[in-house]
Amino acid sequence: MKSQQVNPLLILILALGVFGIITTEMGIVGVLPQVAYKFGISTAQAGWLVSIFALVVAIAGPFLTLLASGINRKIILLAAVLMFAISNVVYAYATTFDTMFIFRMIPALFHPVFFSVALVTSAQLVPAEKSSQAVAKVFTGVTAGFAFGVPLTSYLAERLSLEIAFLFGAMVSVVALIGIWIWLPSMPVKEKMSYGKQLGILRKPGLWLNVAAVIFIFAAMFSVYSYFAEYLGQVTQMSGSWISVMLTVFGVVMIIGNLAFGQFLRKSVVRTVLLFPLLYIAAYALVYWAGPHFMWMIIVVIIWASIHSGGLIVSQTWLTTEAQDAPEFGNSLYVSFSNLGITLGTAIGGWFIANLGIHQLIWSGIIFALIAFVLIWIKVKCFTTPGIAKNN
C-alpha cells in the first residue's frame with residue numbers, strides 16, 4: 001500500500017541501511033593488512049573474510065529471498081540491520097580469527113534479503129510515478145558505500161584503531177535500525193508470485209550463460225580489488241593515509257563511471273557488455289605496469305576505478321535480460337552469483353599472492369576478464385537475448 005504521509009527521510013534511511021551493508025561487506029578490503037597483523041595471519045588468509053561473506057550470499061541468497069517473500073517487510077529490514085550492527089561490534093572486539101570468520105557468515109545471510117526488500121519497499125512507499133526515483137535513491141547506498149564507507153573504514157583504522165573502524169559500521173546500522181523502527185509502517189505481504197513461476201526462469205539455457213559471465217566478471221573485478229590496500233602498500237609503497245585517499249578517489253570515480261556506463265548501455269547493451277571485459281584487461285595491464293611507480297599509479301587508479309564501476313550495472317543488466325518474467329528473483333540471482341564471483345576471485349587472488357607474489361596478482365584479474373569475454377561472445381553468437389535484440 002502506498003503511504004501518503006511517508007517521512008521523506010525514510011527513503012534516505014533505507015539508503016543508509018544499504019550503505020551500512022556495503023560498508024560491512026567491503027570495508028574489510030581496506031583493513032585486511034591490519035586484520036592480518038592483529039591475528040598473526042597472512043593477507044591471503046585474511047582475504048577469506050571477503051570470500052566467506054560472498055560465498056554465503058551466493059549459496060543462500062535466492063533461497064532466502066524466496067522464503068522471505070511472504071514475511072512482513074518491516075520485520076525483515078529490522079532483523080537485517082540489527083544483525084549487521086551486532087556483527088560489527090563483534091569484529092571490533094573479536095580476540096580470535098575464528099570468531100570474526102563466523103560473524104562474517106551470519107550477516108551475509110541477511111544481505112540479499114535486505115537489499116531486495118529495501119528496493120521493493122522504497123517503491124511501495126511512494127506514488128507509482130515516483131517509484132523509480134525512490135529505488136534509484138536507495139541504490140545510491142551501494143555506490144556511496146564504495147565511495148565513502150570503504151575508504152572511511154580504512155582511514156579510521158589507520159588514524160585511530162581497527163576497533164573504531166568497525167564500530168563506525170555498527171553505528172551506521174544502528175541509525176538505520178532506529179529510522180526504520182520509527183518511520184516505516186508495518187508492511188505485511190498481501191500478494192506474492194508463486195515459487196514455481198519464479199523458479200521457471202531457471203529452465204532457460206541462455207540464463208546460465210549470462211550467470212557464468214556475471215560470475216567471471218566479478219571474479220575479474222574482485223580478485224584484485226579485494227587486495228587493493230595490500231597491493232598499493234607493498235608494490236607502490238603507499239602509506240596507510242595514501243591508501244585511504246586512493247580508496248576514496250576510487251569510490252568517487254565509481255559514481256561517475258557508473259553513470260557513464262548507464263549511458264553506454266542505453267545506446268547498446270550487447271556492445272557495452274562485450275567491451276567491458278576488454279577494457280578491464282587493458283586497465284589491469286596499466287595497473288601491472290604502473291604498480292611500482294607512485295605518481296603513475298595515482299593516475300592509473302582513476303582509470304581502473306572508471307572501468308571497475310561499470311561491472312555492477314553491466315553485469316546486472318546482462319543477467320536480468322534473461323530474467324524478465326521474474327525480475328525480483330532475477331535480481332536475487334544477480335546478488336547471489338555476483339558474490340560467488342567475489343568468492344572465486346578473492347580466493348584465486350589470494351593463491352596468486354601466496355604462490356607468485358603480490359605484483360603477479362594482476363594476472364588473475366586478466367585471466368578472469370578473458371574468460372568472461374569468451375562467455376559473453378558465445379552467448380551473443382549462439383542465442384538471441386530477450387529484450388535486447390533490437391539494441392545491439
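Residues are numbered from 1 along each chain as its sequence is written. Because the model is predicted, local features need pLDDT of at least 70 and side-chain atom pairs count only at pLDDT 80 or more, while totals for chains, interfaces and linings use all residues; side-chain values use heavy atoms, leaving out hydrogens and water.

**Exercise 1.** Find which side chain meets Lys 38 in a salt bridge.

*Solution.* Start with the rule: a side-chain nitrogen of Lys or Arg lies within 4 Å of a carboxyl oxygen of Asp or Glu. The partner is Glu 163, at 3.8 Å from N to O. Helices here are DSSP runs of H or I with at least four residues, numbered from the N terminus.

**Exercise 2.** Decide whether Lys 379 is buried or exposed.

*Solution.* Recall the cut-offs: buried is under 20% relative accessible area, exposed over 50%, partly exposed in between (1.4 Å probe, protein chains only). Lys 379 has 0% relative accessibility, so Lys 379 counts as buried. Lys 379 lies in helix H18 (residues 362-382).

**Exercise 3.** Work out how exposed Glu 163 and Lys 38 are.

*Solution.* Glu 163 has a relative accessible area of 27%, so Glu 163 is partly exposed. Lys 38, at 32%, also counts as partly exposed.

Conventions. Helices (H or I, at least four residues) and strands (E, at least two) are DSSP runs, numbered from the N terminus.
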